[in-house]
Amino acid sequence: MAEVRIYTDGACRGNPGPGGWGALLRSGRHHKELRGGESHTTNNRMELTAAIEALCALKQSSSVNVYTDSQYLRLGITKWLPEWKRRGWRTASKSPVKNEDLWRRLDELTKQHDVRWYWVKGHSGHSGNERADKLANQAIDELISEVRK
């Protein structure tokens, strides 16, 4: 089984506002960079999208370590998700789970791999996280540039 390290980040200018996501995938000597964005979104949606797109890019079932600076993403997938599902996609306060569409997609993708989730402090010099952040911000810059044309 291939071993892959994935570094993800999401960014938003305004929340909501134009947003971007970035992911860096590393396996042995190979690496791949991904980025994308949406014109009107939230930071949390971009954090989730980064993880989803990175897992979608894997061509085979893999052993994956995902590094994120988002506690929302890490705690959501490792701790809150089973409870949300048990409650019919409701929070403890019985409110609908925000970003349910993305959580459902991420849940499905994680079943295809052996995934472990790690939190890293953002903007602290962690090279993988810093690169993912740059990719997310590049995606926002590209969106803004397209709108100005």
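Here is a short chat about the aromatic rings in this predicted model.

Colleague: Hi! What should I know about the model and its numbering first?
Modeller: It is predicted, so local features need pLDDT of at least 70 and side-chain atom pairs count only at pLDDT 80 or more, while totals for chains, interfaces and linings use all residues. Residues are numbered from 1 along each chain as its sequence is written, and side-chain values use heavy atoms, leaving out hydrogens and water.

Colleague: Thanks! How many aromatic pairs does the structure hold?
Modeller: Six. Rings of Phe, Tyr and Trp (its six-membered ring) pair if their centres lie within 6.5 Å; planes under 30 degrees apart are stacked, over 60 edge-to-face, and the rest tilted.

Colleague: Why is the pair Tyr 7 and Tyr 67 stacked?
Modeller: Their ring planes are at 15°, with centres 5.0 Å apart, so the pair counts as stacked.

Colleague: And where do those two sit in the chain?
Modeller: Tyr 7 is in strand S1 (residues 2-12) and Tyr 67 in strand S4 (residues 62-68), 60 residues apart. Strands here are DSSP runs (E, at least two residues), numbered from the N terminus.

Colleague: Is Tyr 7 buried or exposed?
Modeller: Buried, at 6% relative accessible area; the cut-offs are under 20% for buried, over 50% for exposed and partly exposed in between (1.4 Å probe, protein chains only). Tyr 67 is buried too, at 18%.

Colleague: New topic: which residues do ring pairs link into a cluster?
Modeller: Tyr 72, Trp 80, Trp 84 and Trp 103.

Conventions
Helix = DSSP H or I, 4+ residues; strand = E, 2+ residues; numbered from the N terminus.
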